[in-house]
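The structure is shown first.

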Amino acid sequence: MSQALEGLLDLLDLERIEEDIFRGQSRFAVVPRVFGGQVAAQALVAAGRTVPEDRLAHSLHAYFLRAGDPGAPIVYTVDRIRDGRSFATRRVVAVQHGKPIFHLSASFQTYEEGLEHQADMPAAPDPETLPTAAEMLPRYVELYRDQGVAQRVLESRAAVDLRYVDAPPFASVGEPREPRSQVWFRTNGKLADDPLLHVCLATYVSDMTLLDSVLLAHGRGGWVTGDVVGASLDHAMWFHRPFRADEWLLYDQESPSASGGRGLGQARIYTQDGRLAITVIQEGVVRIPR
């Protein structure tokens, strides 16, 4: 296991303050605020620690309310909304400096058999044939708004092996492309057999690239090049089938719309053998700097 992954797992191992109150720390990000995927993953950890182990997360719906301060701890308060025979529902509020910065609702279900069908996995190359982030990012260093951005991106994603199928948005500034993006990802090391841990790590990664497809449609490089200003607004995920975050997952992303200073991304995440594991939808602020 890489040192970066160990650090991320420590970040997700929240301190329990009271029965349903937890405290988490933060890590640096590319931008001077707490990474949204970190808050979402920590909130899901807090919710998951208040339900029986046989109830697995099957959906979450969240709103990003304020930018998080990476220099201060985050307190997560869990509200046990309902415990039924099959489902449990939790609401989590993340607070910093006395104000809510994030709100999450999550649902957990006891496994049961049911009807089965899924969308087919799209074509994608073998992830092992694609360049790593460390190999790819230096190719575009002349496009970065400052020379430290590439290193910050690599450091912020060091716990994850994330590989673009095609060139990332910042590689084609000024050249609009189809609003579609694919990446393969897995953690940089093996994980324990805890289903909640794998779900939380997939939640963490899901906020890294989902709005790339919005940028591609307009030939914008994004936060790396500084030609847009953006932030996550809301985030929803549905966990359909078991998966492991330490095995390759294909993140197939597209943007059906952008308007009003907002962009919408939607995606499906597949296991390497073609099972649809997760559906993700996110809207974010995407503004042109004045």
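Leaving aside neighbours within four places in sequence, histidine 235 is in contact (heavy atoms within 4.5 Å) with Leu60, His61, Ala62, Phe64, Ser206, Asp207, Leu210, Val280, Ile281 and Gln282. The model is predicted: local features need pLDDT of at least 70 and side-chain atom pairs pLDDT 80 or more, while totals for chains, interfaces and linings use all residues. Residues are numbered from 1 along each chain as its sequence is written, and side-chain values use heavy atoms, without hydrogens and water.

Histidine 235 lies in strand E9, residues 229-239; strands are DSSP runs of at least two residues and helices (H or I) of at least four, numbered from the N terminus. Histidine 235 counts as buried because its relative accessibility is 3%, buried being under 20% relative accessible area (1.4 Å probe, protein chains only).

The table gives polar contacts of this side chain, that is, pairs of N or O atoms within 3.5 Å, one able to donate a hydrogen and the other to accept it; residues adjacent in sequence count only if both atoms are side-chain atoms.

| Side chain | Partner side chain | Distance |
|---|---|---|
| histidine 235 | serine 206 | 2.9 Å |
| histidine 235 | glutamine 282 | 2.8 Å |

Turning to the helices, the axes of H2 (residues 36-48) and H5 (residues 195-209) come within 7 Å and cross at roughly 160°. Axes are lines fitted to C-alpha atoms over the stretch in contact, with angles from 0 to 180 degrees between N-to-C directions. H2 and H5 are therefore roughly antiparallel, a term for angles over 145 degrees. Residues of H2 including Ala40 and Leu44 meet residues of H5 including Val199 and Asp207.

Definitions and conventions. Buried < 20%, exposed > 50% of the residue type's maximum accessible area, 1.4 Å probe, protein only. Parallel < 35°, antiparallel > 145°, perpendicular 65-115°, else oblique.
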